[in-house]
Amino acid sequence: MKVKTTLMASAIAAVAGGAMAEEMTIVSWGGAYSKSQLKAYHEPYSEKTGVTILNDDSSAEAVAKLRAMNEAGNITWDVVDVVAADAIRLCDEGLAMEIDPDVHLAAAPDGTSAADDFGDLLVSDCFIPQIVYSTTFGYRTDLVGDTPPTDVCAVFDLEAYPGKRSLEKRPINNMEWALICDGVAKDDVYDVLATAEGQDQALAKLDTIKDSVVWWSAGADTPQLLADGEVIMGSTYNGRLFSVIEEQKQPVAMLWDAQVFDLDGWIIPAGLSEERTQRALDYIMFATDTQRLADQAKYISYGPARASSAPLVGQHADLGIDMAPHMPTDPENAKNTFLYNYEFWADYRDDIDAKFQAWLAQ
Amino acid sequence: MTDATQSGPMLAADGTPLKKSLARSLRRRKLRALALIAPLLLFVLLSFVIPIVSMLFRSVENGIVAETLPLTVVELKNWDAESGELPDEALYAAFTKDMVVAIDEKTHTRLGSRLNYEQTGMSSMFRRSGRQIKKLDPETDGPFKDKLIDIHDGWGDIETWRTIKTHAVPITNGYFLNAIDMRRTPEGAQAQPEDKQILIKLFGRTLMMSLIITASCILLAYPVSYLLATLPMRVSNLLMILVLLPFWTSLLVRTSAWKVMLQQQGVINETLVWLGLVADDARLVIINNQFGTIIAMTHILLPFMILPMYSVMQTIPPSYTRAAKSMGATNWTTFWRIYFPQSIPGIGAGSILVFILAIGYYITPEIVGGTKGVFISNRIAYHISSSLNWGLAAALGTILLAVVLLLYWCYDKIVGIDNVKLG
Amino acid sequence: MAALTPISRKPMSVVLPAVAIAGGFLGMFVGAGQGSVLLGIVIGAALMAGLAWVYVNVLDNERMARWITILGLGALGLLFAGVTGLIVGLLAGWFFAFFIFWLYEGRYRQKLLPYMTGQQVFWHYAFRVICGAIFVFLITPILVVLPLSFNAQDFFTFTPEMLRLDPEGYSLKHYRDFFTNNEWQRSFKNSLIIAPIATIISVSLGTLAAIGLSQSHVPGKRAIMGILISPMIVPLIISATGMFFFYSDIGRFLEGTLGMDKNFVGYVKVILAHAVLGIPFVIITVTATLVGFDQSLTRASANMGAGPVRTFFKIQMPLILPGVISGGLFAFITSFDEVVVVLFVGSASQKTLPWQMFTGLREQISPTILAVATILVVISIALLTTVELLRRRSERLRGLSPA
């Protein structure tokens with residue numbers, strides 16, 4: 001039954017696609033990430049369907065721009081790549097359309113339904129996850145002395161690891177790490193953080209290293225700071241650290257401890273015309289099947305969001321190294337992990353952000 | 001005049017009375033002037049002023065509560081928020097009815113996001129409850145009070161209803177209160193908790209830093225413009241290249257350049273350490289603070305000061321200073337009494353440009369400003385593109401605009417805007 | 001250039017202390033590097049004063065003295081601090097050789113007015129040194145990052161290889177990236193289309209309006225001026241969002257009702273948005289030049305039978321041209337360097353250079369943006385120099401002596 005629906009949906013989409021599709025605009029982040037999508041998704045898709053794909057590197061402004069487009073009633077984007085938290089916000093605001101995974105997504109090769117294959121990662125009704133990435137720490141192997149850090153609390157240990165560290169200029173992740181290193185059990189972190197005392201506790205912990213922190217706001221900052229030796233350790237996305245270590249051969253190593261998993265994936269803007277919606281759905285079905293997701297890992301070290309894709313992850317396309325050990329989801333790396341609590345941050349983001357900014361400005 | 005009255009009105013060459021003819025010619029000139037201005041004025045009005053004003057209008061607009069929950073809002077009017085008791089069943093029934101419609105139109109989560117700015121937790125409350133309330137039939141499933149409280153504790157909390165009631169007004173001062181570190185509560189305007197107060201501080205900091213940047217631009221631009229204006233053309237044109245080059249170079253590149261220069265492992269620190277002027281473990285901290293922002297922004301805005309100053313100084317005849325000196329004035333007197341007053345229009349134009357541009361910058365402070373060097377525009381950008389709180393962003397923008405206009409007005413009163421020359 | 005002022009040799013009582021001070025200053029840095037600042041100052045001062053004395057009283061051969069100083073200090077630098085020291089030493093040597101004889105022969109007065117007092121002469125040079133420092137401030141950051149565009153790595157970092165001047169540390173790959181990468185090429189081309197057209201629109205409309213504004217008796221002058229300047233005052237991010245709504249409607253109208261090409265409409269939107277942002281600069285500069293404009297000239301022209309258009313191009317335009325040009329320059333830069341508005345109003349096919357740079361900086365710090373900056377700097381130096389050379393040529397042709 002499911003296979004049948006899937007087939008039918010793709011047949012309809014293929015007919016529809018062949019009939020009118022000339023062009024679609026896909027929005028993503030730019031840089032190496034867009035390149036990996038180009039290789040793994042866009043090129044094979046264009047080849048298969050003849051649709052020309054325009055890449056727009058506007059994901060950083062996607063939330064605001066989608067809202068403006070929606071209000072103006074003139075939506076020029078077809079598929080948008082956003083992080084899960086933004087997807088939830090867009091879904092809440094009615095700016096993204098709901099997608100039923102079992103109808104619109106391909107099942108796994110072994111017949112597992114898409115909903116089961118993605119599992120818990122379907123965090124919003126509007127969001128189809130694509131990769132699992134993590135925000136984690138990298139450190140300069142030559143600047144941390146004889147005992148390289150093995151646990152995330154090294155960030156808060158100025159005595160053992162003197163020097164600057166870089167953290168993202170927002171409360172998310174930092175507050176959690178601060179609480180964990182202040183003795184709060186991992187399972188209680190969000191309960192504690194929901195209270196005013198808990199927030200103060202986290203900020204107090206961050207206060208102990210405030211003078212040694214360089215705050216970053218773009219993902220490329222920490223790699224640059226590490227390469228300069230400007231900081232001895234810093235948080236960033238694991239793919240950026242992979243590139244620093246394996247592609248740029250810098251003396252940097254990963255500290256996977258307490259990495260925070262996050263998701264990045266697709267949404268389709270609400271309010272597209274019927275034919276454009278069909279085309280967008282067809283693209284997403286193609287781009288999120290088991291093989292494509294595994295293919296993307298050839299170009300960038302982010303874990304595929306489907307369980308069924310993990311065994312298919314192969315080698316890096318240029319470097320020829322095995323990618324599996326560089327995935328955040330690899331068992332060796334994922335001994336101590338943390339999943340971004342979307343529900344919590346959707347509620348508390350405004351409140352805690354105001355406190356965090358006030359604390360920063362002190 | 002008496003002549004004219006005696007022999008009738010004075011006539012122009014074509015026989016019409018002169019007064020009339022003059023008035024006509026004046027009217028024609030006015031019309032011509034207006035015709036010259038009109039295309040641009042219309043263009044700017046249509047494409048800029050109207051959209052911006054409607055954008056800024058969001059700072060008071062708040063129709064969302066009444067539009068999403070029309071029946072509830074009516075019922076809430078009858079509920080006394082001070083009573084300390086939960087609203088009655090009628091309100092819960094009205095609310096269920098509203099919510100069923102809203103869920104159908106998928107607007108309930110939007111309202112949740114809006115109210116979440118005011119009370120943390122509203123966002124997930126609306127989203128989660130939505131899934132359950134959808135199953136209720138507003139006609140047959142009553143009474144709803146207990147059912148709703150079962151679905152989410154929040155509906156049994158008086159604070160929830162107080163928040164909805166407080167923000168049910170179509171035109172609100174809430175965003176403006178937020179913008180000055182206050183908030184709208186059932187008891188009227190109150191100060192934000194101390195640990196969330198930041199915006200007034202940022203306004204003050206933005207103004208202060210912009211003033212410092214303007215002052216340092218004046219200080220650096222004055223001698224250079226003087227030199228450029230007094231040197232022979234062929235030399236000054238070559239030196240002008242040095243001013244124009246940074247001007248041509250992308251803002252992003254210049255900002256990155258300052259990062260490369262100023263950071264602890266950067267060019268300046270490395271050089272100082274190499275020279276032995278600074279110990280290796282005591283490198284200067286000159287970035288990610290206010291100093292970094294001031295240096296980088298002074299550098300970026302300096303050409304906006306030099307160019308107007310230069311063009312004004314070029315028009316000051318050197319014979320004036322020579323005359324002053326030949327009459328026995330000292331160097332200082334000549335400069336201060338003769339040259340400087342004539343160069344003030346250039347300073348004025350440059351200062352206005354630099355100050356206004358500085359106050360609105362956010363990319364440079366974001367990159368080199370660290371925690372203490374960020375500006376209010378950074379928060380505006382955050383609320384526009386990240387938190388989607390456009391109402392607050394518009395309120396902050398309106399205040400910023402008002403401050404700029406106020407300063408402009410003061411400047412006009414003190415210096416006189418006609419005294420400004422540029423280009 | 002002929003000497004304005006007859007020069008004479010200066011006594012040693014002037015030369016020696018001045019040279020000693022400069023020598024002490026240099027010695028301070030070397031001393032700091034070697035451990036003792038005080039010793040450095042003393043040795044530096046003594047060494048330089050001694051050299052000056054020997055050159056003037058014993059050697060008396062400027063050429064030879066120059067080479068001795070340059071090579072000597074170069075060798076010293078090499079001894080203390082390797083290759084970099086050698087370069088610094090050679091430069092210092094060149095400076096001291098020049099400085100000693102410049103002071104001793106009294107050349108510093110050569111180009112100055114004969115009646116200037118000693119204090120004025122001193123202030124004259126001090127002022128130039130200050131201005132020189134400000135020029136250094138203006139230009140150093142740019143000169144410093146340009147070499148990074150040849151970095152073999154993908155970071156904004158001077159690697160050890162680069163500092164050793166090892167060819168391994170350098171590469172042209174970022175230039176290759178710029179010239180072969182479609183994204184960069186497209187955005188560069190887009191910028192070259194959008195910025196000039198936007199400039200032309202804002203300059204022409206702005207100049208017309210400025211002329212209208214400068215007439216007497218314009219009703220509501222202040223309010224009109226305020227409206228026209230407003231795009232400069234509103235914070236960019238708010239302008240960007242607000243303008244999005246307007247241009248979205250315009251875009252729909254042009255595409256839907258008039259059936260224009262989507263791409264073309266995209267350009268129109270960005271160009272108009274940038275033109276609006278450039279207008280305040282044009283208005284301010286041109287009205288300012290018109291303040292001093294003598295209106296009787298236009299009347300005289302009309303009197304002699306010229307129509308308004310002719311009067312404008314033959315009389316007004318040449319006189320207000322400097323203001324128009326600098327306004328146009330501001331407007332051009334506003335568009336060429338603008339990233340916030342284009343992010344909102346534009347779509348992928350209108351990606352401009354700053355937009356591409358912005359993504360580049362955010363997503364992967366790549367020195368390609370420095371390669372672009374270097375190319376632009378070279379182009380603008382070439383342009384400015386050509387303009388200057390042409391100006392001098394026409395001056396010569398017209399028989400004007402250089403001003």
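Modeller: Start with the largest nonpolar core, which has 270 residues. A nonpolar core is a set of buried Ala, Val, Leu, Ile, Met, Phe, Trp, Tyr and Cys residues joined through C-beta atoms within 7 Å. Buried means that 20 or more other C-beta atoms lie within 10 Å of a residue's own; exposed means 12 or fewer, and partly exposed is in between, with C-beta atoms placed from the backbone. Ala87(A), Leu90(A), Ile267(A), Leu301(B) and Val341(C) touch the most other members. Helix α15 of chain B, residues 290-314, gives the most to this core: 15 residues. Helices here are DSSP runs (H or I, at least four residues) and strands are runs of E (at least two), numbered from the N terminus.

A word on the source. This is a predicted model: local features need pLDDT of at least 70 and side-chain atom pairs count only at pLDDT 80 or more, while totals for chains, interfaces and linings use all residues. Residues are numbered from 1 along each chain as its sequence is written, and chains are lettered from A and ligands numbered from 1 in the order in which they are written.

Leave aside its neighbours within four places in sequence, and Ile267(A) is in contact with Val80(A), Val82(A), Ala87(A), Leu90(A), Ala96(A), Cys126(A) and Phe127(A). Contact means that two C-beta atoms, placed from the backbone, lie within 7 Å. Another core lies apart, with 28 residues, including Val19(C), Leu47(C), Ala49(C) and Leu73(C).

Now the chain contacts. Chain C puts 76 residues in contact with 71 residues of chain B. On the chain C side, helix α4 (residues 118-145) supplies the largest share, 13 residues. That side divides into 57 nonpolar, 16 polar and three charged residues. Ala, Val, Leu, Ile, Met, Phe, Trp, Tyr, Cys and Pro count as nonpolar, Asp, Glu, Lys and Arg as charged, and the others, Gly among them, as polar.

Chain A is touched by chain C too. That contact takes 23 residues from chain C and 27 residues from chain A. On chain C, α9 (236-257), α13 (340-345) and α14 (353-363) each supply at least two residues. α9(C) gives the most, with seven residues. The chain C side here has nine nonpolar, nine polar and five charged residues.

Last, chain C itself. Chain C has 15 helices and zero strands. Of its 403 residues, 43% count as buried. The C-alpha trace of chain C spans about 90 × 60 × 40 Å along its principal axes.
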